[in-house]
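Hello,

Here is the structure I promised to hand over. Please open it first, then read my notes below.

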Amino acid sequence: MRVLVLNAGSSSLKASVVDGGATLLQTSVSWGGDATRALDRPVAVQDALEAFERAGITLASVEAVGHRVVHGGGVFAAPIVLDDGVVEALDELSELAPLHNVIAVETIRAARGALPRVPHVACFDTAFHATLPESVARYAVPESWYTEWGIRRFGFHGLSVTWAIERAGVLLGRAPGELGIVVAHLGSGCSVTAVRGGRSVATSMGFTPLEGLMMGTRAGSIDPGIMLHLLKTGRISVDGLADILEHRSGLLGVSGRSADIRELEASADAGDDRARLALDMFVDRAAAGIGAATVALQRLDALVFTGGIGQNAGRVRSSIVERLAVLGFRPLRLEETGKDRVLAVEGRVGAGDVHEPLALMIEAREDLVIARAVSTLVAPH
């Protein structure tokens, strides 16, 4: 069936039309490094639909719409057909992912208004991580926090990880279930996931998409005592703290300039010490997260780079892999970019063995995963 996929992320709206597993057309609307600060969000869906119309893909030909929703909480663990009640429930989860669910719900409402006669389906990033062992999903806090308040690790970027491990299996000529893989989704949001037997067994993001690696405008993990200290001493309010951790930290906060890796690399090359520090910190934390994830695997066959930075920032990838030599990685060629490939290493291209894991670069294609889920859910009816 022909499915319109709307992926409302933290920095852009990506839209594509998928028919029978083939992408007919893709378009995107950039919202900068922080979508919540963009003023043009309300018209993004209409802009995307008009682009498809101009390309000859009429709205009347769309049979269903699939939406990426970052946080399903403890309620949604599988794709679901949207109705008013589900949309309201998603809106109530927005506090757990304010950079994402707010925008996703806004996009869903706009799309349902533009295409009211076709089914709309929500697909959740958190669903892939439902397989996390309890020892990983739980935090070291009182039992009542988990049983009464639902405080646990959810994990995110699950749709991206799903595609990454499927493509890794193709590139390596092995079934994904046979592989031990770490997926590093590096973009405006960043996470690392360990996949064993095709299942998520460890991931860096937690109850919210704030935990884990340093990101574009998000701090990632920091000592919670810092936040307690700032709140207790009155240096900052709860709302002010949330604003800084979500919108003014990460690459932007350290550099004081930008959350864009390309701009930071150019600035660092021109002698900007803060830009260089931001890049060094980003690499350090990404490498540390990857290293931590490997202990959840019985063996490491491959490291997959995906997401905007993971796919396009060759120097960042090379620097991260250089830090992972202790895991058996060889240096990468500095600027190699492109789509879906086993990355070349100095002196060797091709398969290694279990003692020499491979680095892969795979284009993030959540849209194909979503379209497949929508077709499976809707087509039989």
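**What I found**

Helices α10 and α11 cross in a left-handed way. Bear in mind that this is a predicted model.

Start with that helix pair. α10 covers residues 261-269 and α11 covers residues 273-294. Their axes lie 7 Å apart, at an angle of about 125 degrees. That angle makes α10 oblique to α11. From α10, the residues in contact are Ile 261, Leu 264, Glu 265, Ser 267, Ala 268 and Asp 269. They meet Ala 275, Arg 276, Ala 278 and Leu 279 of α11.

Next, the sheet. It is open and has six strands, in the order β3-β2-β1-β4-β6-β5. The pairing is mixed. β3 (22-30) and β5 (80-81) are the edge strands. Each has a single partner strand, so one side of each has no neighbour in the sheet. Further in, β4 (residues 64-69) runs parallel to β6 (residues 120-124). Five bridges join these two strands. Look for Val 69, which stands opposite Phe 124 in β6.

Last, helix α3, residues 101-114. How far apart are its end C-alpha atoms? They are 20 Å apart. At 1.5 Å a residue, the 14 residues should span 20 Å, so the two values agree.

Which residues of α3 are buried? They are Asn 101, Ile 103, Ala 104, Val 105, Thr 107, Ile 108 and Ala 111. The buried residues of α3 pack against strands β1 (2-8), β2 (12-19), β4 and β6. They also pack against helices α1 (44-54) and α2 (84-92).

Best wishes

Methods: Residues are numbered from 1 along each chain as its sequence is written. This is a predicted model: local features need pLDDT of at least 70, side-chain atom pairs count only at pLDDT 80 or more; totals for chains, interfaces and linings use all residues. Side-chain values use heavy atoms; hydrogens and water are left out. Two strands pair if DSSP finds at least two bridges between them. Helices (H or I, at least four residues) and strands (E, at least two) are DSSP runs, numbered from the N terminus. The expected span of a helix is 1.5 Å times one less than its number of residues. Buried means under 20% relative accessible area, exposed over 50%, partly exposed in between (1.4 Å probe, protein chains only). Contact means heavy atoms within 4.5 Å. Axes are lines fitted to C-alpha atoms, for helices over the stretch in contact, and angles run from 0 to 180 degrees between N-to-C directions. Angles under 35 degrees count as roughly parallel, over 145 as roughly antiparallel, 65 to 115 as roughly perpendicular and the rest as oblique. A crossing is left-handed if the near helix is turned anticlockwise from the far one by less than a right angle, and right-handed if clockwise.
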